[in-house]
Amino acid sequence: DDCLQETFMAALRAYRSLTDATYLRAWLYTIAHRKATDHVRRLRRRPTAPLDGIEPAMRDADIGDEGLWQQVRGLPPKQRAAVVHRYVFDLAYAEIGERMGTSEAAARRSVHEGLSKLRLLVDR
């Protein structure tokens, strides 16, 4: 029922931009097909079993926020700056590169290398 309603709502929204109504049935079928595909994808992303009463799993390597920031402080300066700019200041890679005086690709690489090193340190 939800897919059918979403199909007709999407069709009504898009009807103004329809230039040729010769293949109206096929057009509507395409919208319905895409809505059904989206619905199936949404179902796959959701947990299928209820999680009530289940305790969250704790990793052995859970070091807490202060321990993680201690590891971040131990990164090489370039990687530390890139990680902080990305995850603290929420900057795009182009902005990070501009602030650090490098290219966007170099900024992306610095963030990647910093995260890889953090994963190794935290998973020990």
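Predicted model: local features only at pLDDT ≥ 70, side-chain atom pairs only at ≥ 80, totals over all residues.
**Salt bridges and helix packing in this model**

Residues are numbered from 1 along each chain as its sequence is written, and side-chain values use heavy atoms, with hydrogens and water left out.

First, the overall picture. The protein has 6 helices and 0 strands, and from the N terminus its elements run α-α-α-α-α-α; helices here are DSSP runs of H or I with at least four residues, strands are runs of E with at least two, and both are numbered from the N terminus. Of the 124 residues in the protein, 18% are buried. The protein exposes about 10,100 Å², of which carbon and sulfur atoms supply 54%, the areas coming from the Shrake-Rupley method with a 1.4 Å probe, and for residues only the protein chains shown counting as cover. If we take the contacts between residues at least 6 apart in sequence, 49% of them join residues at least 24 apart, a contact meaning heavy atoms within 4.5 Å.

Now to the salt bridges. How many salt bridges are there? The count comes to 3, under the rule that a side-chain nitrogen of Lys or Arg lies within 4 Å of a carboxyl oxygen of Asp or Glu. One of them joins Glu6 to Arg42, with the closest N and O atoms 3.8 Å apart. Because Glu6 sits in helix α1 (residues 2-14) and Arg42 in helix α2 (residues 24-45), this pair ties together parts that are 36 residues apart in sequence. Glu6, at a relative accessible area of 30%, is partly exposed, and Arg42, at 29%, counts as partly exposed too.

Helix α6 brings us back to Glu113. Arg109 forms a salt bridge with Glu113, their closest N and O atoms being 3.1 Å apart, and since the two residues are 4 apart in helix α6, about one helical turn separates them. Arg109 is partly exposed at 47%. A further salt bridge pairs Arg108 with Glu104 at 3.3 Å between the closest N and O atoms, and these two are likewise 4 residues apart in α6 (residues 104-122), or about one helical turn. Arg108 counts as partly exposed at 40% relative accessibility, and Glu104 is partly exposed with a relative accessible area of 40%.

Next, the packing around helix α4. In α4 (residues 77-87), Gln79, Ala82, Val83 and His85 are buried. Seen down the axis of α4, these residues fall within an arc of 165°, so they line one face of the helix, the arc being that of the directions from the helix axis to the C-beta atoms. Their cover includes α5 (93-100) and α6.

Two packed helices are described by the angle between their axes and the distance between the axes. For α4 and α6, the angle is about 100° and the axes are 8 Å apart, with axes taken as lines fitted to C-alpha atoms, for helices over the stretch in contact, and angles running from 0 to 180 degrees between N-to-C directions. That makes α4 roughly perpendicular to α6, on a scale where angles under 35 degrees count as roughly parallel, over 145 as roughly antiparallel, 65 to 115 as roughly perpendicular and the rest as oblique. Residues making the contact include Gln79, Ala82 and Val83 of α4, and Glu113 of α6.

Where does His85 make its contacts? Leaving out residues up to four places away in sequence, His85 touches Asp90, Leu91, Ile96 and Arg99, and His85 is buried at 15%. Asp90, in the loop between α4 and α5, is exposed at 61%, and has a positive phi of about 55° although it is not a glycine.

Lastly, helix α5. Tyr93, Ile96 and Gly97 are its buried residues, and they cover an arc of only 100° around the axis, which puts them on the same side of α5. What covers them includes α4 and α6. The face of α5 turned away from this buried side carries the exposed residues Glu98 and Arg99. After α5 comes Gly101, with a positive phi near 75°.

Key: Buried < 20%, exposed > 50% of the residue type's maximum accessible area, 1.4 Å probe, protein only.
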